[in-house]
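Trainee: I'd like to learn how to read a model like this one. Could you walk me through it?

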Amino acid sequence: MKAQIAIWAGKTAGTLSKVMGNSGSTIPGVVARKVDGSFLRHLRKHTNTVVYITGTNGKTTTTNLIAHLLECSGKRIITNREGANMVTGIAAAMVHNAPLLGWAKNDVAVMEVDEASLPKAVSDCPPDYLVVMNFFRDQLDRYGEVDLLIEKMKDSLKTIDVKLILNADDPFVHRFSDLNKENVYVGLASNACQFPNYSVSESKYCPHCQSELTYSNIHFAQLGHYQCTCGFGRPRTDVSAEKVIQSPNGIRLVVDGEEYVTPLKGMYNAYNVLFAISLCKELEMTSSEIRKCLVKSQRADGRMQEFMINGEMWRLNLVKNPAGANVTLSEFFQSKQKKQLIFCLNDNLADGEDISWIWDIDLEMANRLEVESFIASGKRAHDVALRMKYAGIPEEKINIIPSLKQAVTHAKGKNTPAYIMATYTCLAPLVGILSEEQNLREEETFGADPVPLLSRYIKPIWGQRKYHLLNETVRMAWNQRSGRRNQEP
Amino acid sequence: MKRCEWRGINVRVVEIKNPDDAKNSGCDIFMIGGGSDREQAIATKRLAPLVKEIKAWVEDGVSGLTICGGYQFLGDYYETKTGEKLTGMGILPFYTKAEDSRLMTNILVESQTFGRIVGFENHGGRTYHHFPTLGKVVNGFGNNGESGEEGLHYHNLIGTYLHGPILPKNPQIADYLIGQAYERKTGRKLEPLPDEMEKIANQTVWERFLNTKPTKYANER
């Protein structure tokens, strides 16, 4: 009964918050947990298999991929697709998933879990599978230190029965091996792919004897084929990608002799896809099912998202830490075409208040002729600009424009595509701004049909149940539209 | 390094992985960073044979910058939350004691020598000493959250919790370290740089965080 009240309270809070114009995706979860402190235990009761995905980079993409693959194979799933990955986010997904009365029965729960929230999530709802992707220096201000974090995560798993899907290439992740659970090691074969080189900022020391690790092959950051004199080294893989090939339409992987194609772009997605394949195989999906469904996978917002603006293909990618930013930059510079680089940095709690990590990004590699202009944006635009200056980028090429909207407008004025890296809280506003710019273009091209235009204005109003505004909006939309048409020569 | 490069001063950076690297370096400026407790203990053990050398550098007026863990381990010991005393390098007589809450915030410091200093602090340890400091904390916590002072400034050695990072937004400190070393080596004074971007960045942070309230974060979750 308590749980039912929690669901109702959560649903009501969610609707109220939407009416108030908030997008807060975790509010239903916050409320539900206020009513029922161990709300998450119901997830365990009403789901056959619970999967958690954790680690620093790639959680959201991997979670979405796994959810998509399982759904595509006909499984009933529950997932926190929006990347709301704290305990409240999981609770919110549960509220959202529940019907008005009782619970929906699901085959699999696919939940992205923030590293620091894992112990709490595990104690309320122990998972059957845990995917541990990687550990990079990330938002240390929230988490304390990586060492401490890993130990706390491991402690929480000691007493439960769980199968671990571990990244064989990450010495930090390998530390989960001494929990003596059933492990599936996943990794990239040596020379499976060519990640461009950049300086490494992670510590590459053996967790047992503290000597420096030697690498026969480095993929990126501390990920690769490592070995220590004390015997600690990369474990033998159970699932291995022998080859990763990049094409303009996505990436192709050869995993244990079988080929998979995905529209996800960017070398860094190799790990995400590989983890998704491994997990789905554990859940008894066949290779051909996975192959068939993988082709139809879509990326999440702001993950190498493309926008057609002024006839140029702009790109937007989320960055949270040096390792991710470095991979993003090397993806950006795969093409040698002339471009602009925009770096949007906020320092809200979700971004990390401590922005010192930007000094560990290899921005030096962005100092090239093909980048004609740099824009530093966001609340910490001045810090970004300084970082660029100390990367050797000529000051006259650096523009400081804190407002995201103005930064985009400025970049639009040039005839080159903008490649944008943005921290978490810059992402949603940017997706909004860029989508609008893109739609603007579409309307100009396909202007004859008023329906898509009107629906753009009406839809958010339906959502907010403010019908009385409808007439007003139609009028505004119409005026705006005729206004624009009049301006055309 | 960039600021030396811009002035045409050649710099060589030597990463110290074992004591011999340091002994042969003949350094003009030294820098010790921080790490996790585990990494810090390893580093301190490895640096032990160098303590005499570093002490001599400090007394000779070699420029030194030590941050967070590097700063804490200049002292005699670091007492962990469990009461365990980790031995420091003992370069200067002072100590640090860890507490549960983490001091984690944007910090503003008013310094007689360096003017307005801005940065980010993130430390569980509270440091207590009687040496001159970098300056008074205007907002944030500083050495121990009580004394209202931040950092340590002894001869040309600076210890600080500002890892945010300290030098780019406070070029006056970077130039102090470089300037002392340059003068010591060549007898000449350092030419100033325009630093417009640096000054605006410093001012922006100062104005933004002047009236915010810093909160302590619980270490355990």
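**Two helices meeting**

Mentor: In helix 4 of chain A, Thr61(A), Thr62(A), Leu65(A), Ile66(A), Leu69(A) and Leu70(A) meet Asn269(A), Asn272(A), Val273(A), Phe275(A), Ala276(A), Leu279(A) and Cys280(A) of helix 10 of chain A. Contact means C-beta atoms, placed from the backbone, within 7 Å; helices are DSSP runs of H or I, at least four residues, numbered from the N terminus. This is a predicted model: local features need pLDDT of at least 70, side-chain atom pairs count only at pLDDT 80 or more, and totals for chains, interfaces and linings use all residues. Residues are numbered from 1 along each chain as its sequence is written, with chains lettered from A and ligands numbered from 1 in the order in which they are written.

Trainee: At what angle do helix 4 and helix 10 of chain A pack?

Mentor: About 40°, with the axes 9 Å apart. That pair is therefore oblique, the class left after under 35 degrees (roughly parallel), over 145 (roughly antiparallel) and 65 to 115 (roughly perpendicular).

Trainee: Which residues of helix 2 of chain A are buried?

Mentor: Buried means 20 or more other C-beta atoms within 10 Å of a residue's own, all placed from the backbone. Here they are Ile27(A), Pro28(A), Gly29(A), Val31(A), Ala32(A) and Arg33(A), and they pack against helix 1 and helix 5 of chain A.

Trainee: Where in chain A is pLDDT below 50?

Mentor: pLDDT is the predictor's confidence in each residue, from 0 to 100. Where it is low, the predicted coordinates should not be read in detail. Chain A has a mean of 85, and 85% of its residues reach 70 or more; residues 444-489 of chain A fall below 50.

Terms used:
A residue is buried if 20 or more other C-beta atoms lie within 10 Å of its own, exposed if 12 or fewer, and partly exposed in between; C-beta atoms are placed from the backbone. Axes are lines fitted to C-alpha atoms, for helices over the stretch in contact, and angles run from 0 to 180 degrees between N-to-C directions.
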